[in-house]
Amino acid sequence: MYQKIKQKLISLRSKAYNLLGHLGYKYNLNVYDDVFFGSNQTEGLRMAVWFIPLLQKVFSFRSIMDIGCGTGHYLYYCFDHNVKDIFGIEGAPQAFNLLLVDKKYVAMHDLREPYKVDKKRDLTISIEVAE
């Protein structure tokens with residue numbers, strides 16, 4: 001019951017934020033708090049179990065970059081399954097409270113601004129970031 005209420009609150013907050021954005025209010029990263037990232041992490045880890053093997057089957061990658069990686073659930077799964085060259089970029093400081101991988105693998109960066117990567121990776125993903 002608690003999970004359903006929590007999910008509903010997150011959904012309502014997201015809808016309200018989107019409406020405010022359309023009305024011209026400035027982007028506010030505080031909407032992404034520990035509750036949001038905790039829920040996102042749980043769902044992301046479940047999704048990684050089937051999604052990353054599918055990507056691996058199609059692309060046979062040995063390195064990955066995740067733009068808007070949140071707490072690093074895809075990076076975590078990859079690292080745990082022998083893809084050791086991982087790198088993520090995250091724009092919300094709150095994500096770092098629940099980071100699943102060592103912080104040396106994730107750069108804090110405003111995702112609205114260009115980012116110069118240090119090297120090419122075999123695969124780059126960005127899942128549910130342009131909200």
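Arg112 counts as exposed, with 52% relative accessibility (buried means under 20% relative accessible area, exposed over 50%, partly exposed in between; 1.4 Å probe, protein chains only). This is a predicted model: local features need pLDDT of at least 70, side-chain atom pairs count only at pLDDT 80 or more, and totals for chains, interfaces and linings use all residues. Residues are numbered from 1 along each chain as its sequence is written, and side-chain values use heavy atoms, with hydrogens and water left out.

**View 1. Arg112 and Asp110 form a salt bridge.** Their side chains meet at 2.8 Å, N to O. A salt bridge here is a side-chain nitrogen of Lys or Arg within 4 Å of a carboxyl oxygen of Asp or Glu. Asp110 is partly exposed, at 29% relative accessible area. The whole structure holds four salt bridges.

**View 2. Asp85 pairs with Arg121 in a salt bridge.** The N to O distance is 3.4 Å. Asp85 lies in strand β2 (residues 85-90) and Arg121 in the loop between β3 (106-108) and β4 (123-125), so the pair ties together parts that are 36 residues apart in sequence. Strands are DSSP runs (E, at least two residues), numbered from the N terminus. Asp85 is partly exposed, with a relative accessible area of 23%. Arg121 is buried, at 13%.

**View 3. Asp118 also meets Arg121 in a salt bridge.** Here the N to O distance is 3.3 Å. Asp118 counts as exposed, at 61% relative accessibility. Through shared partners, salt bridges join Asp85, Asp118, Lys119 and Arg121 into one network.

Notes
Helix = DSSP H or I, 4+ residues; strand = E, 2+ residues; numbered from the N terminus.
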